[in-house]
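User: I would like to go through the charged side-chain pairs of a protein chain, one question at a time. Please keep the terms defined as they come up.

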Amino acid sequence: MMDADKALELLKSGATLLLLDVPQYTLFGIDTQVFSVGPAFKGIKMIPPGVHFVFYSSSTRDGKEFSPITGFFIDAGYSQVVVRMWDQQEERLIKVPEEEEERYRQAVRSFEFDKHLGPYDLSLYADWKRLSNYVTKSTIERLEPIGGEITVTYEHGMLKNTYKSAMERVLDDQLRNSKFSSPAEKHPKRGCYYTPIPRIIKRKGIGSEQLTSLNLDKTELLETLLVKDYGGSEESLLGELQFAFIAFLMGQSLEAFMQWKSLVSLLLGCTEAPFQTRSQLFTKFIKVIYYQLKYGLQKDRSVGEAGTSALLDDSWFSSDSFLHCFCKDFFSLVQDASVVDGDLLSWTRKLKELLENSLGWEFQQKSAVDGIYFEENDEYAPVVEMLDEPSGSEPTTS
């Protein structure tokens, strides 16, 4: 139970999200908290200053069917009041004119809306901080789409030529056939500005052995991206990883899942960097995905038909998934390394135990020779160049 002094302090320093005219039964969420809107609801108060993700889904009048989720990030300042109004025709939250917004801000600070504002649940704030501690205002400004809104409704046109797993294709089909889905041509392209991550490295003028090596170990690609796209900042890369996961899990964005998958595959595909130049980055990275998966795989987090658990379930993480394949090989690398950072080893063990206990995964190697195997036609199998050798010799994977 929060004492009166603490409550008053949060009332003064915390931010307020004022939401006007939101229809009853609308699904509304902030960070890890989700509500079904009641008739008196006008927003959330006592929000800790910092980065937050706001998301919502309009419903039919009986509250039984929901539209795809729309979400946006905010960087809430000390005592800031953020105002949004429901547009009934477009069924979404929109900004209000500056003069009008100032009037509403003054009304909030005079406590005129206080009885209609629900308090931010601070008992859930620690979970949110672990999911978003690398996301900053500059992360949001760099990645968010034009207009700030993240929604899968705008996305299936962007992902037409992208490789998708069976599960991703099912989701895409569900979106296309949804009664809430609008024709693709109605919406301009409004995707996030994610960093392009090459899945396969192609380079002219180098030998087949070197090309194979570059694709088996993504360390050189990681170093290039860190300098070229992240200004040398490891935290900037981790911020994008968290931004994408939040947009995927809370915002149900398929584009965000594809980016999260690309970044995870890049980092878990490095065999040299974790033990040499980037051990601290990899410790932070393993810690980030540990908390992401720990939160995402909680069984009691369902919030109904349109809830966040609708998108992240065990079928995304089956034993033949990209994550299982990469984790298995990464765990083997860490286990067999002659020298490994103590924190990296500790967090890798924690992640391994989480996946074994939550999903029942086993990480025994199929091959006692090299411990690396991939299914036939696996999109994440490394590029292996076949060298001209006498008949009967083994393929080279150097």
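This is a predicted model: local features need pLDDT of at least 70, side-chain atom pairs count only at pLDDT 80 or more; totals for chains, interfaces and linings use all residues.

Analyst: Residues are numbered from 1 along each chain as its sequence is written, and side-chain values use heavy atoms, with hydrogens and water left out.

User: How many helices and strands does the protein chain have?
Analyst: Helices (H or I, at least four residues) and strands (E, at least two) are DSSP runs, numbered from the N terminus. By that rule, the secondary structure of the protein chain comes to twelve helices and ten strands.

User: What percentage of the 398 residues count as buried?
Analyst: Buried means under 20% relative accessible area, exposed means over 50%, and partly exposed lies in between (1.4 Å probe, protein chains only). Among the 398 residues of the protein chain, the share that counts as buried is 50%.

User: How many salt bridges are found in the whole structure?
Analyst: A salt bridge is a side-chain nitrogen of Lys or Arg within 4 Å of a carboxyl oxygen of Asp or Glu. Searching the whole structure for such pairs gives a count of 14.

User: Which parts does the salt bridge between K45 and D114 tie together?
Analyst: The closest N and O atoms of K45 and D114 are 3.3 Å apart. The two residues are 69 residues apart in sequence, so the pair ties together strand β4 (residues 43-47), which holds K45, and the loop between α2 (98-109) and β9 (118-119), which holds D114.

User: Which helix holds both E356 and K352?
Analyst: E356 and K352 form a salt bridge, with 2.8 Å between the closest N and O atoms. E356 is partly exposed at 26% relative accessibility, and K352 is also partly exposed at 26%. The two lie four residues apart, about one turn of the helix, and the helix is α12 (residues 342-359).

User: Which residues are linked with R105 in a network of salt bridges?
Analyst: R105 counts as buried, at 17% relative accessibility. Its side chain meets that of E98 in a salt bridge of 3.3 Å, N to O. The network links R105 with E98, E101 and E102.
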